[in-house]
Amino acid sequence: MMMSRFSQFIRHSSFAHCALNLVLLSALLFSLGGCAQVKSLFSSNDDEDEQEIRLSAQTLAGKGIDEYSNARYYKARKYFDQILDYYPFSPEAMLAQLKAADSNYYMENYQEALMLYHEFEERYPTNEAIPYVMYHIAMSHYQQIDRIDRDTNGAENAIREFSKLLRAFPNSPYSNEAKARIRAANEFMVNHEYFVVEFYLRTEKYEEALTRLQYLVSTYPDASITPKARQLLERLEAGDPPGFNLSAWFKDTLLPDWTLFSDEEQDKALKDESPQQ
């Protein structure tokens with residue numbers, strides 16, 4: 001009887017021990033990375049070709065630049081993103097961050113581009129590419145300027161960022177264009193104000209139109225539309241608002257071509273190429 005109970009205990013103990021070992025082995029395999037690692041542990045040499053081979057940072061950078069140079073920005077961004085994901089502290093990470101931002105910019109993903117440009121600016125504040133980065137931050141806002149009947153955030157942000165660039169790097173290759181685009185964005189702001197005046201006049205809200213015109217003339221005295229705005233203001237002050245010929249006072253007033261405000265011919269040499277290329 002004693003031997004029978006002992007044998008039964010041994011059988012139960014051995015079963016428990018094996019079960020515990022299986023649990024521990026499963027936990028170990030899971031901690032090593034889950035199903036993919038389990039497969040690799042038990043796979044034969046014939047399966048090695050099926051394993052994913054991670055490219056080096058240098059290889060990814062080369063492939064990314066090749067795609068970028070051929071304007072295949074979506075594919076280029078994929079390579080640069082892999083560098084940022086897998087090799088964030090590699091020498092190639094700085095290039096990847098800048099060119100991922102550029103790729104988003106040229107795909108018109110301006111919010112994504114802005115995020116990456118700002119991150120680059122914070123991480124590498126003394127890098128020689130900072131004027132280029134600040135220019136593209138401003139341009140990312142400028143490219144989002146909408147019609148005059150929409151909000152003016154794009155124009156306001158572009159003016160702010162171009163002004164920052166001029167203060168920080170007044171002699172950069174982007175200075176002349178920055179000044180011209182600031183003037184164009186200001187013209188857009190004026191045109192927006194003038195559009196609001198038209199709305200008030202069409203709805204016969206003459207006092208509101210008068211107030212808006214006074215603001216326009218005092219705030220933007222040198223804008224292209226200001227002489228016409230002054231004439232319209234004089235008529236409103238005289239109690240003679242335009243009637244049936246109202247449309248003659250309001251033409252299509254969109255964002256003007258920035259080159260109309262450029263003073264130097266060397267703008268044509270400007271600079272859509274990164275110093276990092």
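Which residues in H8 meet which residues in H9? In this predicted model, the H8 side of the contact consists of Ala 155, Glu 156, Ile 159, Phe 162, Ser 163, Leu 165 and Leu 166. The H9 side consists of Ser 175, Ala 178, Lys 179, Arg 181, Ile 182, Ala 185, Asn 186, Phe 188 and Met 189. Two packed helices are described by the angle between their axes and the distance between the axes. For helix H8 (residues 153-168) and helix H9 (residues 175-202), the axes come within 9 Å and cross at roughly 155 degrees. Angles over 145 degrees count as roughly antiparallel, and H8 and H9 are therefore roughly antiparallel to each other. Their crossing is left-handed.

The setting for this pair is a protein with eleven helices and zero strands. Along the sequence, the pattern reads α-α-α-α-α-α-α-α-α-α-α. Of the 277 residues in the protein, 39% are buried. Among contacts between residues at least 6 apart in sequence, 57% join residues at least 24 apart.

H9 also packs against helix H7 (residues 130-142), at an angle of about 20 degrees and with the axes 12 Å apart. Angles under 35 degrees count as roughly parallel, so H7 and H9 are roughly parallel to each other. The crossing in which H7 passes H9 is left-handed. From H7, the contact uses Tyr 135, Met 139 and Tyr 142; from H9, it uses Glu 177, Arg 181, Ala 184 and Ala 185. Arg 181 and Ala 185 of H9 are also among the residues that meet H8.

Further along H9 is Glu 193. Is this residue buried or exposed? Glu 193 counts as buried because its relative accessibility is 9%, and the cut-off for buried is under 20%. Leaving aside neighbours within four places in sequence, Glu 193 is in contact with Arg 212, Tyr 215, Leu 216 and Tyr 220. Tyr 215 is 22 residues from Glu 193 along the chain, and their C-alpha atoms are separated by 8.7 Å.

Between H9 and helix H10 (206-219) there is a loop that holds Glu 204. Most residues other than glycine have a negative phi. Glu 204 is not a glycine, yet has a positive phi of about 60 degrees. With a relative accessible area of 58%, Glu 204 is exposed. Ala 71, in the loop between H3 and H4, likewise has a positive phi, near 60 degrees. Ala 71 counts as partly exposed, at 46% relative accessibility.

Which residues in H4 are buried? They are Tyr 73, Ala 76, Arg 77, Phe 80, Ile 83 and Leu 84. These residues cover an arc of only 115 degrees around the axis, which puts them on the same side of H4. An α-helix has 3.6 residues a turn, so residues three or four places apart point the same way. The cover over the buried residues of H4 includes helix H3 (57-69) and helix H5 (92-106).

Asn 104 belongs to helix H5 and counts as buried, at 3% relative accessibility. Apart from neighbours within four places in sequence, Asn 104 is in contact with Arg 77, Asn 109, Glu 112, Ala 113 and Leu 116. One of these, Arg 77, is among the buried residues in H4.

Conventions. Residues numbered from 1 in each chain as written. Predicted model: local features only at pLDDT ≥ 70, side-chain atom pairs only at ≥ 80, totals over all residues. Heavy atoms only, no water. Buried < 20%, exposed > 50% of the residue type's maximum accessible area, 1.4 Å probe, protein only. Helix = DSSP H or I, 4+ residues; strand = E, 2+ residues; numbered from the N terminus. Arc of directions from axis to C-beta. Contact = heavy atoms within 4.5 Å. Axes fitted to C-alpha atoms, helices over the stretch in contact; angles between N-to-C directions. Parallel < 35°, antiparallel > 145°, perpendicular 65-115°, else oblique. Left-handed = near helix turned anticlockwise from the far one by under 90°.
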